[in-house]
Amino acid sequence: MPVTIDELSNMESFGGSGQRRAEVTFLPEPEPREARFTVISTDDHVVEPPQMWEGRFPTRLADQAPRVVETDDGGERWLWNGELVANVGFNAVAGRPTTEYGFEPTRFDEMRRGAWDIDARVHDMDLNGVYASVCFPSFLPGFVGQRISLAPSEADLGLAAMRAWNDWMLEEWCGTHPGRMVPLQLPWLRDPQVAADEIRRNAARGFKAVTFSESPDKLGLPSIHTGYWDPFLAACEETETVVCLHVGSSSTSPSTTEDAPPETIAVLFFAYGMYAAVDWLYSRIPVRFPGIKICMSEGGIGWVAALMDRLDHCFEYQMGYLHTWEGVSETPTEVLQRNFWWCALDDASAWATRHRIGIDHLVVESDYPHADSTWPNTQALLARQLAGMPDDEVRAVCWANAAELFHHPVPATARP
């Protein structure tokens with residue numbers, strides 16, 4: 001059974017005891033890394049800063065906007081929808097020793113400033129050799145905005161919160177340093193037609209991507225097999241808005257038995273990427289919408305070639321008794337290769353399978369400021385793992401594929 005993110009964040013083994021850490025240690029400031037490659041990171045995160053909502057709600061709802069409050073134990077939490085939401089940092093541990101990684105409640109001044117301040121973030125990107133970044137939300141909204149759009153009983157309040165987040169993302173997070181951030185929006189989850197209207201409106205404003213749940217049924221919403229989401233998906237195809245499926249965006253993580261050790265959850269977190277790819281493929285969404293672009297975030301790429309082998313194997317005999325793929329001219333693997341993009345984080349052995357997967361559909365990520373992040377050593381990791389690859393392939397996976405996918409040009413001055 002899957003474990004929910006709320007359950008995960010309350011596990012003592014993951015620093016979720018509910019108690020604040022007695023001491024917070026910051027490692028020495030790293031030296032700037034040599035920029036051997038241009039890099040677009042297709043999966044990073046922003047911790048929503050405390051003042052982001054100010055002036056962005058309609059007047060009648062302004063006093064209900066999320067705000068940060070002090071807690072009795074000296075911490076900080078968000079007050080939203082009448083509840084205190086813990087884990088302001090949600091694993092924002094970049095720049096701290098691994099012994100202090102966890103989900104315990106924290107303060108903004110206990111995070112590296114680049115987690116939530118755009119100027120400091122660009123500094124950290126420069127230090128790491130990352131030119132541009134796609135940033136997903138953090139704990140307050142949830143990876144797909146479910147905590148702000150679904151939680152309020154009043155739909156207007158959720159819609160105002162979603163629009164406020166998107167306005168802030170476009171105007172401040174992306175607008176302060178033009179070209180350094182790829183605009184990614186939250187979707188509206190309560191009505192697929194309103195969601196479609198928002199996609200078209202935001203595409204006209206400059207948004208290039210939308211985060212969406214890999215498994216909306218786990219959020220209590222209609223599944224991707226119902227056709228319910230078709231208006232939203234049609235708008236994404238029409239506007240070339242990339243649908244980014246981040247593992248964990250269903251507010252759950254894969255698990256095994258209740259008595260399995262916590263390492264099983266940590267290791268299997270990537271597995272939702274594989275489950276989602278198969279689920280979305282056989283939902284026939286990329287068949288009904290052949291131009292849709294689906295980017296699998298934080299799932300890695302080591303399993304993709306093996307999945308394609310399995311798809312081909314099953315396709316050889318399934319037509320005798322399964323009819324999901326009837327009337328489709330392409331094989332499941334061919335559709336997977338056409339409509340899906342795959343994000344590599346730390347997948348050393350997987351690059352040998354890059355041509356099986358499709359070199360033009362591979363991108364990279366740094367996952368700043370999470371525990372998985374390769375910051376500040378993303379450049380060195382790529383140099384080590386891509387050693388021996390032809391220059392044109394390195395160029396493709398490090399930035400050119402992402403630049404084309406997200407329609408995000410990279411100036412010549414940003415190319416070492």
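Helices (H or I, at least four residues) and strands (E, at least two) are DSSP runs here, numbered from the N terminus. With that naming, Pro-376 lies in the loop between β14 and α13. Keep in mind that this is a predicted model.

**Cis bonds and positive phi**

Pro-376 is joined to Trp-375 by a cis peptide bond, with omega about 0°. There is another cis bond, running from Tyr-368 to Pro-369, with omega near 0°. Pro-369 is placed in the loop between β14 (362–364) and α13 (378–385).

A few residues have a positive phi. Glu-240, which follows α6, has a phi near 60°. Asn-81 is not a glycine, yet its phi is positive at about 60°. You'll find Asn-81 in the loop between β4 (76–80) and β5 (83–85), and with a relative accessible area of 33% it is partly exposed. His-407, also not a glycine, has a positive phi of about 50°. His-407 belongs to the segment after α14 (391–405) and is partly exposed, with a relative accessible area of 39%.

**Helix α11 and its neighbours**

How do α10 and α11 pack, and at what angle? Helix α10 (residues 304–318) and helix α11 (residues 332–339) cross at about 145°, their axes 8 Å apart. On the α10 side, the contact uses Leu-307, Met-308, Leu-311, Asp-312 and Phe-315, while α11 brings Pro-332, Thr-333, Leu-336 and Gln-337. Sorted by class, this contact has six nonpolar, two polar and one charged residues.

The buried residues of α11 are Pro-332, Thr-333, Val-335, Leu-336 and Asn-339. Viewed down the axis of α11, those buried residues fall within an arc of 160°, so they line one face of the helix. They pack against several elements, among them α8 (271–282), β12 (294–297), β13 (340–344) and α12 (354–357).

**Helix α6**

Helix α6 (residues 230–239) buries Phe-232, Leu-233, Ala-235 and Cys-236. Around the axis they cover an arc of only 155°, which puts them on the same side of α6. The cover over these buried residues includes α5 (192–205), β9, β10 (242–246), α8 and α9.

**Aromatic pairs**

Which rings pair up, and how? The structure holds 13 aromatic pairs, and two of them are tabulated here.

| Pair | Centre to centre | Angle between planes | Type |
|---|---|---|---|
| Phe-212 and Trp-280 | 6.1 Å | 85° | edge-to-face |
| Phe-340 and Trp-342 | 5.7 Å | 15° | stacked |

Elsewhere, a charge meets a ring: the charged end of Arg-147 sits over the ring of Phe-139, 4.2 Å from its centre.

**Loop residues**

Is Ile-224 buried or exposed? At 5% relative accessibility, under the 20% cut-off, Ile-224 counts as buried. Ile-224 sits in the loop between β9 and α6. Leaving out residues up to four places away in sequence, Ile-224 touches Pro-216, Trp-229, Asp-279, Trp-280, Ser-283 and Ile-285. Its C-alpha is 36 Å from that of Asp-63, 161 residues apart along the chain.

Ser-138 lies in the loop between β6 (132–136) and α3 (146–149) and is buried at 1% relative accessibility. From Ser-138 to Phe-289 the C-alpha separation is 29 Å, with 151 residues apart in sequence.

Gly-179, in the loop between α4 (155–173) and β7 (181–182), counts as partly exposed at 24% relative accessibility. Gly-179 touches Tyr-131, Ala-132 and His-408, not counting residues up to four places away in sequence. The C-alpha atoms of Gly-179 and Tyr-131 are separated by 8.4 Å, although the residues are 48 apart along the chain.

Conventions
Residues numbered from 1 in each chain as written. Predicted model: local features only at pLDDT ≥ 70, side-chain atom pairs only at ≥ 80, totals over all residues. Heavy atoms only, no water. Axes fitted to C-alpha atoms, helices over the stretch in contact; angles between N-to-C directions. Contact = heavy atoms within 4.5 Å. Nonpolar A, V, L, I, M, F, W, Y, C, P; charged D, E, K, R; others polar. Buried < 20%, exposed > 50% of the residue type's maximum accessible area, 1.4 Å probe, protein only. Arc of directions from axis to C-beta. Phe/Tyr/Trp six-rings, centres within 6.5 Å; stacked < 30°, edge-to-face > 60°. Lys NZ or Arg CZ within 6 Å of the ring centre and 35° of its normal.
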